[in-house]
Amino acid sequence: MIDLAEILAQPIARLGATVVTLGHALIGFAVLFLALLVALAVSLWRSASARALAAAEAADHARETETRMAGILQAQAEMQGRMSTVADVLGARQAELNQSIGQRLDAMTGRIGQTMAEQTRSTHENLARLQERLAVIDTAQNNIQSLAGQVVQLQAILSNKQTRGAFGQSRMEAIVADGLPQGAYAFQDTLSNGSRPDCTVKMPNGAPPLVIDAKFPLEAWNAIRAAAEADQTGEAQRAAQQAFRRDLDVHIRAISEKYLLPGETHDTAFMFVPSESIFAEIHENFEAIVHRAHRLRVVIVSPSLLMLSIQVIQSILKDASMREQAHLIQGEVVRLMEDLSRMDERVRKLQAHFSQASKDIDDILVSTGKVAKRGQRIEALEFGDPPPAAAAIEPERPRGAESKTGQLRLRVIEDGSA
């Protein structure tokens, strides 16, 4: 114990006039250790409280979220119910509208059918007169068909179609031929400047025809694909893209210069791209070319866009044809009303004749009644004097005359007139 006390009493440092012994240092370390333990316990208690508070806040937030989701689901259910009600109402109104339109169309169809029947009879008469002439025309038509076949063969020999347009030409022709009636389009027609576009679509109301070009630079596009598959660095692909951009720019400029003729063709031309993927790639990676084509009034179209455009043109042509037929129908209706006016006038005249004939028949019935009455009087005469009692009790018989068929009955009127 003496040795331990001496050891603890040994000085280890001096701070001014104060001597710090080993015991003092040990006591200080113990106090510091206890303070650190207390601070660590307080820190752990605070962190546990913070975690508990965060968990409570998270639970409250979750409950609020669930409440909001329930409200949203309820609102969505109500909205679906309202949409279903609106759909039912719209469906009922649509059905009523379809019924009304159907009735009106049926009435119009009946009137038009009657008019068309009259026109058909007139047409049959005209066709009967033209049948003899057609017999003569048939021989001339056979000669013309033979000559047309020879001309087509000569055109096939003289024509020199470009190889780059062979891929999209067939697709474009199929889309146009399926969507438009015969005579509303022309393939390889010659313009005033000597150019021959792949297709020209006739527009209604005397508008210039629309030009469609199918000579897409397919070689440059195939070069881009080949470079993308073979080149890993991308240099050859960029060079192929630059070449494709240049070829496409030159082709768009050529379409604008050759096919956009003021007063002869429409102010916009179509450049047909034979594939939807190529069309999408052009709009995605060559946007500057698309903008330049728009400035030059050249529209790049894919098969689906061309089909949609052809359907729009077909609708416009049908509308123009219906307007023309409407004028014809209106004229036929005017003539029909004139015929009805004449028929009404004649029926009125016939009614006047019937009225006069009825009056004459009434006069004749009066005369026949008088004759029948006189005949009955003659028939009632007797050569002997009848007994007064018998004459007194004999009832008076109704006198009259009936026809054998039972349709004419004459009633004798005792008015004393002769």
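Helices here are DSSP runs of H or I at least four residues long, numbered from the N terminus. The model is predicted.

**Exercise 1. Asp 249 and Arg 253 form a salt bridge. Which residues make up the network that includes them, and is Asp 249 buried or exposed?**

Solution. 
- Step 1. The N to O distance between Arg 253 and Asp 249 is 3.3 Å.
- Step 2. Helix α5 spans residues 235-259, and in it Arg 253 and Asp 249 are 4 residues apart, which means a separation of about one helical turn.
- Step 3. A salt-bridge network links Asp 249, Arg 253 and Arg 292.
- Step 4. Leaving out residues up to four places away in sequence, Asp 249 touches Ile 289 and Arg 292.
- Step 5. Buried means under 20% relative accessible area. Asp 249 has 17% and therefore is buried, while Arg 253, with 29%, is partly exposed.
- Step 6. The count for the model comes to 6 salt bridges.

**Exercise 2. Which residues touch the most other members of the largest nonpolar core, and which elements each supply at least two of its residues?**

Solution. 
- Step 1. The largest nonpolar core has 28 residues; Phe 216, Phe 244, Ile 282 and Ile 300 touch the most other members.
- Step 2. The elements that each supply at least two residues are α4 (218-230), α5, β6 (269-272), α6 (276-285), α7 (287-295) and β7 (298-301).
- Step 3. The most comes from α5, which gives 6 residues.
- Step 4. Beyond its neighbours within four places in sequence, Ile 300 is in contact with Ile 252, Met 271, Val 273, Phe 279, Ile 282, Val 290, Ala 293 and Leu 305.
- Step 5. Another core lies apart from this one, with 18 residues, including Met 172, Leu 210, Ala 214 and Val 301.
- Step 6. In soluble globular proteins, nonpolar side chains tend to be buried together.

**Exercise 3. Check the span of α4, then list the buried residues of α4.**

Solution. 
- Step 1. The expected span is 1.5 Å times one less than the number of residues. With 13 residues, α4 should span 18 Å.
- Step 2. The end C-alpha atoms of α4 are 18 Å apart, which agrees.
- Step 3. Leu 218, Ala 220, Trp 221, Ile 224 and Ala 227 are the buried residues of α4.

**Exercise 4. Which residues make the nonpolar surface patch of about 520 Å², and where does Leu 340 lie?**

Solution. 
- Step 1. The patch is made by Ile 329, Val 333, Met 337, Leu 340, Met 343 and Val 347.
- Step 2. Leu 340 lies in helix α8.
- Step 3. The relative accessibility of Leu 340 is 41%, which counts as partly exposed.

**Exercise 5. Locate Gln 188 and Arg 297, and give the phi of each.**

Solution. 
- Step 1. Most residues other than glycine have a negative phi.
- Step 2. Gln 188, not a glycine, has a positive phi of about 60°. Its place is in the loop between β3 (185-187) and β4 (199-201).
- Step 3. Arg 297 also has a positive phi of about 60° without being a glycine. The loop between α7 and β7 holds Arg 297.
- Step 4. With a relative accessible area of 44%, Arg 297 is partly exposed.

Methods. Residues numbered from 1 in each chain as written. Predicted model: local features only at pLDDT ≥ 70, side-chain atom pairs only at ≥ 80, totals over all residues. Heavy atoms only, no water. Salt bridge = Lys/Arg side-chain N within 4 Å of Asp/Glu carboxyl O. Buried < 20%, exposed > 50% of the residue type's maximum accessible area, 1.4 Å probe, protein only. Core = buried A, V, L, I, M, F, W, Y, C linked by side-chain atoms within 4.5 Å. Contact = heavy atoms within 4.5 Å. Patch = residues over 30% accessible without salt bridge, like charges linked within 9 Å, V, L, I, M, F, W, Y side chains within 5 Å. Areas by Shrake-Rupley, 256 points an atom, 1.4 Å probe, with all protein chains shown as cover.
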